[in-house]
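I set aside this page for what I looked up in one protein model. The entries run from the whole chain down to single residues.

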Amino acid sequence: MSEDVTINNTAGGHPCCEYVKADGSGCLAVPRHGSRYCFFHDPDSAAERDAARRAGGVERSRKHAVLPSDTPDMQLATTADVINLLGRTLNQALRGEVDPKVSNAVGYLSGILLRATEQDDLERRLTRLEQAIPTGNGRTNRRSGGGDDPFAFNK
Ligand SMILES: [Zn+2]
């Protein structure tokens, strides 16, 4: 039996990569399956390492997917406008065209905007109702209405 003479370094009970560093110490990484070297030191994985490095570089250098700065503001006056924006953003997120941080912000802020729009709508309707209630002296009611106005708030 003529086994290769190897540096039999082990760490934590598992066999280690046989690569010897410049300082003479061994690499403590687990060897790849079917190899005596770990992913980083296996000569056979050089091409894979290059590909992984390139992919990492592409990932890092990829610009955040946002709309160009000259994109006009979207109209967001009504609930329908907000629904339209949410639908567009959702589709862009599904296609990976928009950064998840952006789509998350759109979702969160849209929720706030919808609640504010709802509140605004309620206040407008309340004001219209108050103004439509006739007062005893023939004028329409106001919150600050005085006299014997039974609907006056500031009595
Ligand atoms: Zn190694």
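**Entry 1, ground rules.** I am working from a predicted model, where local features need pLDDT of at least 70 and side-chain atom pairs count only at pLDDT 80 or more, while totals for chains, interfaces and linings use all residues. I number residues from 1 along each chain as its sequence is written.

I looked up the secondary structure and found three helices and two strands. Helices (H or I, at least four residues) and strands (E, at least two) are DSSP runs, numbered from the N terminus. Along the sequence I read the pattern β-β-α-α-α.

I then looked up burial. A residue is buried if 20 or more other C-beta atoms lie within 10 Å of its own, exposed if 12 or fewer, and partly exposed in between, with C-beta atoms placed from the backbone. Of the 155 residues in the protein, 5% are buried.

For contacts, I took two residues whose C-beta atoms, placed from the backbone, lie within 7 Å. Among the contacts with a separation of 6 or more, 19% come from residues 24 or more positions apart.

The expected span is 1.5 Å times one less than the number of residues. I found one buried residue among the 33 of α3, so this helix lies largely in the open.

Helix α2 (residues 79–94) has 16 residues and reaches 22 Å between its first and last C-alpha, close to the 22 Å expected. Just after α2, G96 takes a positive phi of about 70°.

How do the two helices run relative to each other, I asked? Their axes come within 10 Å and cross at roughly 165°. Axes here are lines fitted to C-alpha atoms, for helices over the stretch in contact, and angles run from 0 to 180 degrees between N-to-C directions. That makes α2 roughly antiparallel to α3, a label for angles over 145 degrees.

On the α2 side I listed T79, V82, L85, L86, T89 and A93. They meet P100, S103, V106, S110, L113, L114 and T117 in α3. By class, the contact has eight nonpolar, five polar and no charged residues. Ala, Val, Leu, Ile, Met, Phe, Trp, Tyr, Cys and Pro count as nonpolar, Asp, Glu, Lys and Arg as charged, and the others, Gly among them, as polar.

I found R32 in the loop between β2 (14–15) and α1 (46–61). R32 is partly exposed, with 17 other C-beta atoms within 10 Å. Leaving aside neighbours within four places in sequence, R32 is in contact with Y37, C38, F39, D42 and S45. The C-alpha atoms of R32 and C16 are separated by 9.6 Å, at 16 residues apart along the chain.

D42 is also in the loop between β2 and α1. D42 is partly exposed, with 19 other C-beta atoms within 10 Å. Its contacts, with neighbours within four places left aside, are R32, S35 and Y37. I read 7.9 Å from C-alpha to C-alpha for D42 and R32, which are 10 residues apart in sequence.

I placed D99 in the loop between α2 and α3. D99 is partly exposed, with 16 other C-beta atoms within 10 Å. D99 and V66 are 33 residues apart in sequence and 6.4 Å apart in space, C-alpha to C-alpha.

Definitions and conventions:
Parallel < 35°, antiparallel > 145°, perpendicular 65-115°, else oblique.
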